[in-house]
Amino acid sequence: MSLLTVKNLNVAFRLGKQELPALMDVSFSLDRGERIAFVGESGAGKSILGFSIVNLISKPGYIQSGSIKLNKKEIIGLNRRQMQEIRGKRIAMIFQDPMMTLNPVLTIGQQLVEAIKSHTNITYRDAKNIAIEKLLSVQIASPERRFNQYPHELSGGMRQRVIIAAILLLNPDVIIADEPTTALDVTIQAEILQLLLEICKKNDVALILISHDLGIVSKVAERTLVMYAGRIVEEGPTLELINDPQHPYTQGLLNALPQMALPGQRLNQIKGSMPSLADRPSGCAFHNRCPYAMEKCKDQQPEFIHSGISTVSCFMIEEMLEEERNAQEGLL
Amino acid sequence: MTQIPLVQISHLEKTFTKDKGIFSPFRFNKGKFQRQQESVYALNGVNLTILKGETLCVVGETGCGKSTLARTLMGLTPPTSGEIHYLNDRIDHLDDNQRLLYRRRMQMVFQNPYASLNPRMTVYQTLREAISFHNPQMKRRNIDEKIEGLLNSVGLYADAMDRYPHEFSGGQRQRISLARALSVEPEFIVADEPLAALDVSVQAQVLNLMMDKQEEQDLTYLFITHDLAVVEHFATRVAVMYLGKVCELASRETLFSAPKHPYTKALLSAIPRLDTNAPELIRLSGEVPTPMEKPIGCVFQARCPDATPRCFSEPPIMKKQKDGSSIACHVHEEDQTS
């Protein structure tokens, strides 16, 4: 049973008379308790997608078309009140920089209690007990003391834990984590990821992880979707995708990791950079950086096909599969 | 490889004192007014030698003093005590004028390319300022040629010259920063987390560029990072820092194949690797404490999984091991002797 279904989502930014497409025909579904990840470079549209799902796209951006269904109920076009019911309670979001998410002039306790009281009707004392219990559940030592502290008194990792505690207050069905560990150190990053993973497994919460680091993704997500220039270009089970990437962009991303080259050797960089919103290339958007680009890549958008390992949109893969099929038919 | 020490850092200490206004430092204590100051011990006696032509990576978590080390080395903050030698000259106590000579020879690339380039200067102005400041008699035409050559060498085109920093992406800006550092033909570059603000694929581009330049111009790098995957790829030697002290110093091969200090082991286990048979994560309790007091004993005592009573009373000393690495740890030492 799919929990969240996104179909043909198109998001654009209005710039004067221009319409700059940020997301094009993004479709995916998420089951209850499933963990998926979106990867891609800056500008691929991963964060925009996260914001679109909770309807936090602000002007000049807007959702052009498509549908987002949560438990079979359409959530595009809901009004502010209805959307507030969903945000936090059903879909919660973790952002990159925990300092920006927490209010610097309120104590941790005030913020947690506020969140509980705005969604449920209980007394302050009960709310405080719940808050402290949740702080303890994200492994914050001496939660009573932390309850009265301000965000600046906590370290980065601790702040991110507080955010995770805040999210758990309302038992959401889906957590969207947008680069949750980018601002953190490696050791803290490992702990926060572990914590997120445990929480998702324990409470049967689905997770959408947004990251540019395939190392992190491989630790957390069961399924990975690779985005490039506003489109999903490849989708498949994480481990298989990493062992045998199909799309040239996925290959490029993986090969650029330092651990993929021998020490002291040059890394395999993807030439060029992600095109900006204003000048997205025609056809397959990756063609000008792709080492295998063909003539038709320049003006046609490849369809999604199943390669046996993943679902991928690339003409090269399409031709390879066709050749294989022909060869097999020839044999028969 | 010739092993000429280019920079020698000995017993370097840096203490930041927190000034809380005129009256607050005075506290009433045991019938007397006492001046009380809060200090942060950022560097607690760092000893390092950087060899010519190598890449020495300094790794550690936030707050371990690695950026302070870079800034003190460059003379951006004066050290509290200790000495820094560049070849045969002592450089830690120089004034601005005397330092100019060395600024030409050692340059710095900063972490955030959005903050380290002047937004109101075009790329041309940024680079020209550096070149003409250090070469006052250079002709305009030569400067222009040099700038064009520099931009080409970092993979940017000449049309980038008249553009402002905001017109470039993060990776391109970091290339401009590198071009600026290279513009005075230094022999030593201190790079403070130059890849932290960049995407994986762009990181690869900048890292490749830095390696090319090292080969072409025989550069020496002090590379500060918390990303061990980059270190594994790029370093000649690695220094692991914790709370203002170097706790392990080893060649890259030794560090990654046989880490010895418990902190290094924990750091290595935390790298998010793609392969499934990665070592199990060693969980450290807590986070790097702020060094408000000079620690008695080992700096890592509070988070160390193997700490013994001795670690709390006596600071370990860096000792050379059989395989060429140096490590400061009582537990490891005792294991060796028993």
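The structure is a predicted model, in which local features need pLDDT of at least 70 and side-chain atom pairs count only at pLDDT 80 or more, while totals for chains, interfaces and linings use all residues. Residues are numbered from 1 along each chain as its sequence is written, chains are lettered from A and ligands numbered from 1 in the order in which they are written, and side-chain values use heavy atoms, with hydrogens and water left out.

**A sheet in chain A**

Let us start with chain A, where four strands make an open, antiparallel sheet in the order β2-β1-β4-β5. Helices (H or I, at least four residues) and strands (E, at least two) are DSSP runs, numbered from the N terminus, and two strands pair if DSSP finds at least two bridges between them. The edges are β2 (18-31) and β5 (73-74) of chain A, each pairing on one side only. Strand β1 (residues 2-15) of chain A is joined to β2(A) by 10 bridges, and A:L15 stands opposite A:Q18 in β2(A). Across β1, β2 and β4 (61-70) of chain A lies helix α1 (residues 46-53) of chain A, at about 70 degrees to β2(A). Such angles run from 0 to 180 degrees between N-to-C directions, with axes fitted to C-alpha atoms, for helices over the stretch in contact.

**Salt bridges**

Side chains of opposite charge can pair when their charged atoms come close. Here a salt bridge is a side-chain nitrogen of Lys or Arg within 4 Å of a carboxyl oxygen of Asp or Glu, and the structure holds 28 of them over all chains. Some examples follow.

| Pair | N to O distance |
|---|---|
| A:R14 and A:E19 | 3.4 Å |
| B:E61 and B:R303 | 3.2 Å |
| B:D323 and B:K260 | 2.6 Å |
| A:R266 and B:E215 | 3.1 Å |

Burial is judged by relative accessible area: buried is under 20%, exposed over 50%, partly exposed in between (1.4 Å probe, protein chains only). A:R14 is partly exposed at 44%, and A:E19 is partly exposed at 35%.

In chain B, the salt bridge between B:E61 and B:R303 ties together parts that are 242 residues apart in sequence, because B:E61 lies in the loop between β5 (55-59) and α1 (66-74) of chain B and B:R303 in the loop between α9 (262-269) and α10 (309-313) of chain B. Both B:E61 and B:R303 are buried. B:D323 and B:K260 also form a salt bridge, tying together parts 63 residues apart in sequence. B:D323 is partly exposed at 36%, whereas B:K260 is buried at 10%.

Back in chain A, a network of salt bridges links A:R32, A:R90 and A:D173.

**A threonine in chain B**

Helix α1 of chain B contains B:T68, which is buried at 15% relative accessibility. Beyond its neighbours within four places in sequence, B:T68 has contacts (heavy atoms within 4.5 Å) that include B:K14, B:F16 and B:A42.

**Where the chains meet**

Chain A and chain B bury about 3,300 Å² between them, 54% of it on carbon and sulfur atoms; this is the accessible area (1.4 Å probe) lost on putting the two parts together, summed over both. The contact takes 42 residues from chain A and 34 residues from chain B. Two salt bridges are counted between chain A and chain B. On the side of chain A that touches chain B, α7 (156-168), α8 (186-203), α9 (214-220) and α10 (238-243) of chain A each supply at least two residues, and the largest share, eight residues, comes from α8(A).
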